[in-house]
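Have a look at the model first.

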Amino acid sequence: MKRLRRLIPGVDQKLLLKDAGKIMPDPARRAFLRGGLSLGALTMLTGCDIVDSISAEKVLRKVSEFNDGVQAWLFDPNQLALTHPKSAITKPFPFNAYYALEDAPDIDGKDYRFEVGGLVQSTKPWTLDELYALPQETQITRHICVEGWSAIGSWTGVRLSEFLRRVGADTRAKYVWFQCAEGYSTTIDMPTALHPQTQLTFKFGDEILPRAYGYPMKCRMPTKLGFKNPKYIIAMHVTNKDLGGYWENQGYNWFSGL
Amino acid sequence: MTATTIGAQDRSRPVIHPVWVRITHWINAVAVLIMIMSGWQIYNASPLFAFSFSPSITLGGWLAGALLWHFAAMWLFVVNGLIYVALGIVTGRFRRKLLPISSYDLFATVRDASRFRLSHDDLSVYNAVQKLLYLGVIVAGFVVALSGLALWKPVQLQTLTAIFGGYDATRYVHFFAMATIVGFLVIHVVLALVVPKSLRAMITGR
């Protein structure tokens with residue numbers, strides 16, 4: 001990840017450091033591993049060949065990868081998330097991140113350039129005005145957090161599939177990777193990237209996307225858990241290599257589809 | 001009790017629980033414990049009520065760990081549960097053991113129990129309360145699995161989520177199905193300890 005971060009201008013180094021310190025607290029980490037040790041009996045039942053070097057955590061992560069495959073198989077590219085009336089919008093819509101709102105990236109729209117890379121024909125950076133000129137649509141959908149809560153919001157922007165078409169992306173590639181201003185990142189599968197409700201979002205409700213919700217641009221995917229919907233996006237790569245993500249690398253399920 | 005005396009006594013008693021019941025029972029015990037304890041940790045990330053579960057009785061250490069456990073043990077719970085239910089139906093065990101439940105029997109069992117005159121002489125025959133509890137917990141198992149599926153895939157399986165009343169309502173259904181199972185477990189474990197030969201039967205079969 002370090003190498004990739006260096007490629008991206010404008011990443012806040014101070015926030016990156018904060019990031020590193022935010023990795024799960026020690027006692028919790030130990031409890032997780034302790035829970036892992038008692039998995040012995042369970043793994044025997046599943047017929048895994050238990051060698052000392054294979055920890056329970058590795059077994060659990062393998063099952064999580066298996067679940068990625070199951071979810072990709074379950075994913076129907078034509079199945080739309082339910083849409084709701086304006087009256088159903090949750091007010092106030094929650095701000096949620098691993099940092100406080102005052103630490104959220106504060107991006108100057110005039111200097112903003114959206115970098116596009118990887119398996120695309122045009123790597124020309126995009127200004128906000130160029131992005132705003134793209135055809136837009138609005139969706140009122142339910143945002144579901146991995147923590148369990150949910151909230152309905154209104155998002156307006158361009159279909160990611162339309163944007164991918166315009167940059168000449170190779171949509172046979174497996175992944176789309178997003179880099180965010182604070183160092184956050186996530187990788188999604190191409191079928192989700194091409195889903196009609198997957199959107200590069202510029203507006204929340206009737207207003208330009210506020211700082212709390214990802215100014216100047218987020219990627220809204222009502223078919224994925226909230227943490228797979230990156231905010232403050234500054235770069236995107238079309239790739240055949242899974243470049244992981246901030247939470248995914250710490251053990252959250254990679255696919256996290258709904 | 002030594003191994004030889006168990007063996008001698010065992011041969012003189014009929015088999016109460018065939019081997020498939022015992023295997024699926026204990027696999028289910030492990031799976032359900034993991035599901036409940038990791039589920040409590042997941043609940044703590046965004047509690048539905050004004051309480052949280054003590055970390056001392058949760059599994060996973062933090063949300064991601066709990067989710068890894070939950071979404072691994074779900075396979076064990078569902079696959080093992082389906083095998084159990086299929087065999088219960090195919091072998092006729094459910095029909096023989098759990099049906100019918102008459103209101104007269106139910107009344108008589110409650111009356112006997114309140115006078116501490118409940119008979120445990122024949123472990124192979126369930127009284128009406130046992131039948132009701134065992135059938136009830138199987139139903140709760142279905143509800144917990146289906147509501148869990150509806151929470152996991154509220155877009156792909158949105159019809160299922162809608163049947164439970166939408167995403168937020170499904171969280172409550174999932175919680176109360178869990179609470180029902182926990183309630184059953186408390187009674188189940190206490191009674192197994194009060195009547196130890198029932199525990200022995202679930203291990204040796206007799």
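L135(B) counts as partly exposed because it has 16 C-beta neighbours inside 10 Å; the cut-offs are 20 or more other C-beta atoms within 10 Å for buried, 12 or fewer for exposed, and partly exposed in between, with C-beta atoms placed from the backbone. L135(B) sits in helix α6 (residues 128-152) of chain B, where helices (H or I, at least four residues) and strands (E, at least two) are DSSP runs numbered from the N terminus. Its C-alpha atom is 26 Å from that of R13(B), 122 residues away along the chain.

A word on bookkeeping: this is a predicted model, so local features need pLDDT of at least 70 and side-chain atom pairs count only at pLDDT 80 or more, while totals for chains, interfaces and linings use all residues. Residues are numbered from 1 along each chain as its sequence is written, and chains are lettered from A and ligands numbered from 1 in the order in which they are written.

On to the interface. The contact takes 34 residues from chain A and 25 from chain B, with contact meaning C-beta atoms, placed from the backbone, within 7 Å. On the chain B side, the elements giving two or more residues are α2 (19-45), α3 (63-90) and α8 (167-194). The largest share, eight residues, comes from α3(B). That side splits into 16 nonpolar, six polar and three charged residues (Ala, Val, Leu, Ile, Met, Phe, Trp, Tyr, Cys and Pro are nonpolar; Asp, Glu, Lys and Arg charged; the others, Gly among them, polar).

Now chain A. Five of the five residues of strand β5 (residues 185-189) are buried, so the strand is largely enclosed by the rest of the structure. Side chains in a regular strand alternate between the two faces of the sheet. Both faces of β5(A) are covered, with S185(A), T187(A) and D189(A) on one side and T186(A) and I188(A) on the other. Strand β4 (residues 175-180) pairs with β5(A) in the antiparallel sense over five bridges (pairing needs at least two DSSP bridges), and V176(A) has I188(A) as its bridge partner. The two strands form a hairpin with four residues between them, and G183(A) in the turn has a positive phi of about 105°.

Most residues other than glycine have a negative phi, and most peptide bonds are trans. Here are some exceptions:

| Site | Feature | Value |
|---|---|---|
| K91(A) to P92(A) | cis peptide bond | omega near -10° |
| Y215(A) to P216(A) | cis peptide bond | omega about 5° |
| Y232(A) | positive phi | phi near 50° |
| S256(A) | positive phi | phi near 45° |

Y232(A) is buried, with 26 C-beta neighbours inside 10 Å.

Key:
Contact = placed C-beta atoms within 7 Å.
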